[in-house]
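The following questions and answers are intended for a reader meeting this structure for the first time. Please look over the sequence and the model before reading on.

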Amino acid sequence: MSRHSPILTLLFAISAIALVFSLVVFSQLSFEAAVRGLKIWWEVVFPSTLPFIVLSEVLMGLGVVHFMGVLLEPFMRPLFNVPGTGGFVLAMGFSSGYPVAAKLTTRLRQQGNITKAEGERLVSFTTTGDPLFVIGAVAIGFFHSEQMGVVLATTHYVSAIIMGLLYRFHAPFATVTKPLDKTSLPLPLRALQAMHRARLRDGRAFGKLMGDAVQSALNTLFMIGGFIIVFSVLIQIFAAIHLTSFISSILTIFLGPLGFPPAFSQAIISGLFEVTLGAQAASVVPDSFSLVWKAAIASAILSWGGLSVHAQVASILSETDIRVSPYLIARSVHAVIAAILTFIVWEPLSSASSWFTEKSVPVFIPVTSGIPQTSWWETFAFSGIVAVGIAALLFVASFLTRQLISRRS
């Protein structure tokens, strides 16, 4: 059906009217769901995401992105077919979680540092959950298992790298940014020159830069909060009218003959809309089912991200010409790869680590929202260390790649 079809317009209108009617009928449930979504945003998303968005904007204004772009050019372009500035998005996206990578990709596209196709490749494999959410909230908070944290983190981020390698072939004939000019200057000096020139082109005083960064971060976070609240209400309404149960029954009919455990259909439906609810639903599946199946479903849900995150990413990317469809396809493929990878690495990881003994770890205080509470500075410090570690690994890989190329030449 064409996007310009009047039938599609009629369907949208009927759906919107039905939702308004449901809000009136289930007003109490809607209010409670909205409060729950607001609490999740205020206690978890806002404090953990705000510092990273502010700092990323400041780093871009100071030219640090261009510095990393020059250093990581020999690594990012051969592997992922994106310029070196994509290494900054990769480090920040992996460490701070969705949808920070979409925000940074949009800024790079607006500044002309990447092309449309490069932006589609970049946002498709750098949009992931942050390590504190994957390991702390999901693995330890929901599954009460350190072994699950190792498995989920490994499959989630390794499958994201695999997605990047696959998506380097996306739009192979599209225009690309101009490779860096070869000069006799050492690479670190060229990186410093690029950073200095970018800061001069920006021209904003540091106070102005900080103010703009905070304003941009708040605008983005208020948008994210709105989506979280709306989808929290939608999920509650769908459950009240038994729509999720109906879809779950249909899913069981189609996947049951393929050997898929029917008990996980509810987790998949919940994860289709919201990643936290889906991961929590996978953790409460009866213990009669194998733990590796729970890990595979949770890893797939984390890699999918949920329609709530996709709506946030689509809203951010709408400021540019970057299409959302390649990103959505990537999320689906990412989920499949992560699930398959879970079955592959489960035995090797479990036999190689003494951590893989299931036990309860009372790390978080139980809360009614289903998300463990952590202080904002723990989130910021942990994710900051991860970002520095990823940047260091990219730098080392870039250095080794340059040495290998120079020896061959």
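**Confidence, burial and packing**

Over residues 355-377 the pLDDT stays under 50, and the model has 43 contacts beyond four places in sequence for them. Here pLDDT is the predictor's confidence in each residue, from 0 to 100, and contact means heavy atoms within 4.5 Å. Where pLDDT is low, the predicted coordinates should not be read in detail.

This is a predicted model, in which local features need pLDDT of at least 70 and side-chain atom pairs count only at pLDDT 80 or more, while totals for chains, interfaces and linings use all residues. Residues are numbered from 1 along each chain as its sequence is written, and side-chain values use heavy atoms, with hydrogens and water left out.

Q: How many of the residues of helix 15 are buried?
A: Buried means under 20% relative accessible area, exposed means over 50%, and partly exposed lies in between (1.4 Å probe, protein chains only). The buried residues of helix 15 include S308, V309 and H310. Helix 15 spans residues 307-317 and is mostly covered, the number of buried residues being 8 of 11.

Q: Why does H310 count as buried?
A: H310 has its place in helix 15. Leaving out residues up to four places away in sequence, H310 touches W304, G305, Y327, L328 and R331. H310 counts as buried because its relative accessibility is 4%.

Q: What is the length of the polar contact between the side chains of Y327 and H310?
A: Y327 lies in helix 16 (residues 325-352) and is buried, with a relative accessible area of 0%. A polar contact is a pair of N or O atoms within 3.5 Å; within protein, one must be able to donate a hydrogen and the other to accept it, and residues adjacent in sequence count only if both atoms are side-chain atoms. The side chains of Y327 and H310 are joined by such a contact, at 3.0 Å.

Q: What separation is found between the C-alpha atoms of Y327 and V123?
A: Beyond its neighbours within four places in sequence, Y327 is in contact with V123, S124, T127, V309, H310 and V313. Y327 and V123 are 204 residues apart along the chain, and their C-alpha atoms are separated by 6.8 Å.

Q: Which peptide bond is cis, with omega near 0°?
A: P99 is found in the loop between helix 4 (86-96) and helix 5 (100-110). The cis peptide bond, with omega near 0°, is the one from Y98 to P99.

Q: Is N81 buried or exposed?
A: N81 is found in the loop between helix 3 (64-80) and helix 4. Phi of N81 is near 60°, a positive value in a residue other than glycine. With a relative accessible area of 14%, N81 is buried.

Q: What is the relative accessible area of A171?
A: A171 is placed in the loop between helix 8 (146-167) and helix 9 (187-202). Phi of A171 is near 50°, a positive value in a residue other than glycine. A171 is partly exposed, and its relative accessible area is 25%.

Q: Why is helix 2 described as roughly parallel to helix 5?
A: Axes are lines fitted to C-alpha atoms, for helices over the stretch in contact, and angles run from 0 to 180 degrees between N-to-C directions. Angles under 35 degrees count as roughly parallel, over 145 as roughly antiparallel, 65 to 115 as roughly perpendicular and the rest as oblique. The axes of helix 2 (residues 27-62) and helix 5 come within 11 Å and cross at roughly 20°. That angle makes the pair roughly parallel.

Notes. Helix = DSSP H or I, 4+ residues; strand = E, 2+ residues; numbered from the N terminus.
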